[in-house]
Amino acid sequence: MTLETRDVHWTRGGTLVVDGVSLRPESGSTVGLLGPNGSGKSSLLRLLQGAARADGGEVLLDDRPLSTWRRRDLARTVAVVTQHAETDADIVVRDVVRLGRTPHRPVWGGANARDEAAVEAALDRVGLTDKADRLWHTLSGGERQRAQIARALAQEPRELLLDEPTNHLDIRHQLDILALVSALPVTSIVALHDLNLAATYCDTVVVLRSGRVVAAGAPAAVLTPELIADVYGVSARVIPDAGTGRSVILFDGPAAS
């Protein structure tokens, strides 16, 4: 069972931002949502997390409409990592990660041994155990993103939604974050701008334009020079790597009109 959409449509501010999208990831896979600005990636993620309701079609989790799930039960199953999170509070990293346990706690109850074990396991998974008692605002951008992923992992979800998690990070932290996400034992749907990161770390990609799916499948099959020119307006060379089965994309500039 998995999180999926069936022919979903959503109009926002008078504009059709998601137009007939059907998406059913393989359990445990990493799916890249690709497309230029305004293509509908973030809007589709909002529908998948239940932050907005589609005007038509269905968003389902375990074959049940998302609207029939209690919020706490949904939060135990689906975790979300946004582009960036900020706070002015003097909060340490461990307490940020503890926020992921909120859906599992009784309304008036505190943390128990299972909660603390989940927090420690999440910190260890993202390599932040040694920074668990550091103040949040002292972390680098990459460390903050890892802390947000740890918070999501502390929820013990089956589905992970990430909206451009590598945005504003340097190349090393981009690689660190995507390597971490692709190795997680969950189904991950990641909105990305960088086609080479998608080609390297995603099992499948879904390319959107004006809210519609224009291509979907394995990165090596989907990310062709023709598609890149058509969707992004950029001339590119796609070089296959026989050793990995992945591709490297070299950009030559704007495509000819």
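**A walk through the model, starting at a hairpin**

Hello everyone, let's begin with a hairpin: β11 and β12 are joined by 6 residues, and Gly-245 in this hairpin has a positive phi near 80°. When I say helix or strand, I mean DSSP runs numbered from the N terminus, with at least four residues of H or I for a helix and at least two of E for a strand. Strand β11 covers residues 234-240 and strand β12 covers residues 247-254; they run antiparallel, with 7 bridges joining them. Two strands count as paired if DSSP finds at least two bridges between them.

A quick word on what we are looking at. This is a predicted model, in which local features need pLDDT of at least 70 and side-chain atom pairs count only at pLDDT 80 or more, while totals for chains, interfaces and linings use all residues. Residues are numbered from 1 along each chain as its sequence is written, and side-chain values use heavy atoms, with hydrogens and water left out.

Now to a sheet. Strands of a sheet pair through backbone hydrogen bonds, either parallel or antiparallel. Here we have an open sheet of 4 strands, paired antiparallel in the order β2-β1-β4-β5. β2 (15-23) and β5 (64-65) are at the edges with a single partner strand each, so one side of each has no neighbour in the sheet. β5 is joined to β4 (residues 56-61) by 2 bridges, and Leu-61 sits opposite Arg-64 in β5.

Helix α1 lies across β1 (3-12), β2 and β4, at about 120° to β1. Contact here means heavy atoms within 4.5 Å; axes are lines fitted to C-alpha atoms, for helices over the stretch in contact, and angles run from 0 to 180 degrees between N-to-C directions. The buried residues of α1 (residues 41-49) include Leu-44, Leu-45, Leu-47 and Leu-48. By buried I mean under 20% relative accessible area, with exposed over 50% and partly exposed in between, using a 1.4 Å probe and protein chains only. Just after α1 comes Gly-50, with a positive phi of about 80°.

Next, helix α5. How many of its 14 residues are buried? The count is 13, so α5 is largely enclosed by the rest of the structure. After α5 comes Glu-156, with a positive phi near 55°.

Within α5 we find Gln-145, which is buried at a relative accessible area of 5%. Leaving out residues up to four places away in sequence, Gln-145 touches several residues, among them Val-81, Glu-164, Thr-166 and Ile-177.

That brings us to Thr-166, in the loop between β7 (159-163) and α6 (171-183). Is Thr-166 buried or exposed? Buried, with a relative accessible area of 9%. Again leaving out residues up to four places away, its contacts include Gln-145, Gln-174, Leu-192 and Leu-197. Tyr-201 is 35 residues from Thr-166 along the chain, and their C-alpha atoms are separated by 13 Å.
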